[in-house]
Amino acid sequence: MQIYKVGGAVRDRLLGKPVTDIDWVVVGATTEEMLAKGFRPVGADFPVFLHPKSGEEYALARTERKNGRGYGGFIFHASPDVTLEEDLIRRDLTINAMAEDDQQNLTDPYHGQRDLEARLLRHVSPAFAEDPLRVLRVARFAARYAELGFTVAPETLELMRQLSESGELEALTPERSWKEIARALMEDQPQVFIEVLRDCGALKVLMPEVEALFGVPQPEAHHPEIDTGVHTLSVLEQAALHKQPLTVRWACLLHDLGKGLTPEEEWPRHIAHEHKGLKLIKAVNERFKAPKDCQELALLVGKYHTHGHRALELKPSTLLELLQSFDVYRRPQRFEEFIAACEMDARGRKGLEQRSYPQADYLRGAAIAARSIAVQPLLEKGFKGPELGEAIKSERLKALKAYKDQA
Ligand code: ATP
Ligand code: MG
């Protein structure tokens, strides 16, 4: 049997990027031989094994044939006579379809190295169209390598466009889509992921609520960039620049969905967009079965981001309601993420990226003030149950009044 490094490890070495995980392909072996060498089988669908020591993934070389919709509709054929070239041709991009032996001899039948130099994301063969997930993967690689100047080859973009129009994207499972979305949002330029999806017509299939923001104007005085879609991309860009976690990035992407529902007569104002957007945020959350923390933060940021911006003007009672809504006493981290999302929203405006955001510290201070009231004296006075709750609330309100007065 011959063993080769494939995929990301080869690509990233040639790009001079750190290689984190290594994928291997094994040519000329059977499942039985792998098991005899101590490899542990994983994956129900096709023969992939974990190395007994390193734990890295070793896949038997295989070919694929499509029969039916979605990812389930594939027939795999793995046998010792499948060649390296046959295995590489089923891969998505030419830069991902190179292999390397232990002497670093490159096998590159589809000119991945040439495309690396040309900074092009190009599909290997027309079979690209057999798995719609590749549309998301290409957009994700575009986001990752944008800083190196990579773009999607025009003929690949055209194929992605046809795939988006064919209805195949709807056959993707939420789990597969979310995995790509989550990884793409964590790249350095997640806005490029959304841009590429939009360019190929996939955004209006996957997230029509986000697509709908393009072409919707906002008041120029607050939003010099005017367009709500452009603003959303800038907010995402800021979130990445400020190394925000996935929860915040997801909330940034969805925070203004309500603006897509404003009747044109009301443009450029967006009255109650925070509230109107909630059902859209919920729909997108559920479509991709986003993790609970992402879902929750997106809804809270959607509902309250304007409160965040107006923090310094809020009445103490409104400030208290805000803190209660976040359950900031038990969930301080989630409130921090809310503040971060608000700040990214404010920075995601053309020309205002560097402007300070005093609301952030003000909100942090308010949370501290509300949290630091003394409960013991209330217990000593005999408060219990709902009455104790009310007494605590009224102490917090006093604390917030004092906080606002001295701020
Ligand atoms: P990363 O750095 O994100 O891990 P990678 O290229 O290694 O990038 P993996 O998802 O680990 O990506 O997949 C390993 C290789 O398997 C890819 O380089 C590609 O050749 C192939 N591959 C993975 N998923 C697909 C797919 N859906 N369609 C075609 N080829 C795929
Ligand atoms: Mg990999």
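Predicted model: local features only at pLDDT ≥ 70, side-chain atom pairs only at ≥ 80, totals over all residues.
Student: Where does Phe76 sit, and which residues does Phe76 touch?

Tutor: Phe76 belongs to strand 7, which covers residues 74–78. Take Thr63 as an example: 13 residues separate Thr63 from Phe76 in sequence, while their C-alpha atoms are 5.9 Å apart.

Student: Let's turn to another residue. Is Leu213 buried or exposed?

Tutor: The relative accessible area of Leu213 is 1%, and buried means under 20%, so Leu213 is buried. Leu213 lies in the loop between helix 10 (208–211) and helix 11.

Student: Which residues are in contact with Leu213?

Tutor: Beyond its neighbours within four places in sequence, the contacts of Leu213 include Asp227, Thr228, Gly229 and Thr232, as well as Asp256, Leu257, Lys259 and Gly260.

Student: How do I read strand pairing? What is the sense in which strand 1 and strand 2 pair?

Tutor: Look for the bridges and the direction of the strands. Strand 1 (residues 2–6) pairs with strand 2 in the antiparallel sense, over five bridges. Within that pairing, Ile3 stands opposite Val26 of strand 2.

Student: How many bridges join strand 1 to strand 8?

Tutor: There are two bridges, and strand 1 and strand 8 (residues 99–100) run antiparallel. Here Val6 faces Ala99 of strand 8.

Student: Now the pockets. How much space lies in the largest pocket, and how many residues line it?

Tutor: Start with the volume, then ask about the lining. The largest pocket holds about 1500 Å³. Its lining has 44 residues, and Asp23, Glu57, Arg137, Arg140 and Arg183 lie nearest the centre. By class, the lining of the largest pocket has 16 nonpolar, six polar and 22 charged residues.

Student: Which helix gives the most to that lining?

Tutor: Helix 5 does, with six residues. Other elements that supply at least two residues include helix 1 (8–14), strand 2 (23–27) and helix 7 (174–185).

Student: How much space lies in the second largest pocket, and what lines it?

Tutor: The second largest pocket has about 660 Å³ of space. It is lined by 27 residues, and the closest to its centre are His222, His223, Lys259, Thr306 and His309. Helix 13 (273–276), helix 15 (292–309) and helix 17 (332–347) each supply at least two lining residues. The classes here are seven nonpolar, eleven polar and nine charged.

Student: Last one: how is the chain divided into domains?

Tutor: The chain has domain 1 (1–110), domain 2 (240–369) and domain 3 (376–406). The centres of domain 1 and domain 3, taken over C-alpha atoms, are 63 Å apart.

Key: Residues numbered from 1 in each chain as written. Chains lettered and ligands numbered in written order. Heavy atoms only, no water. Domains from an automatic or database assignment. 1 Å grid on protein atoms, 1.4 Å probe; cavity = no way out; pocket = protein on both sides within 12 Å on 5 of 7 lines; lining within 4 Å. Points joined across faces, edges and corners; volume = space filled by probe spheres on them. Helix = DSSP H or I, 4+ residues; strand = E, 2+ residues; numbered from the N terminus. Nonpolar A, V, L, I, M, F, W, Y, C, P; charged D, E, K, R; others polar. Pairing = 2+ DSSP bridges. Buried < 20%, exposed > 50% of the residue type's maximum accessible area, 1.4 Å probe, protein only. Contact = heavy atoms within 4.5 Å.
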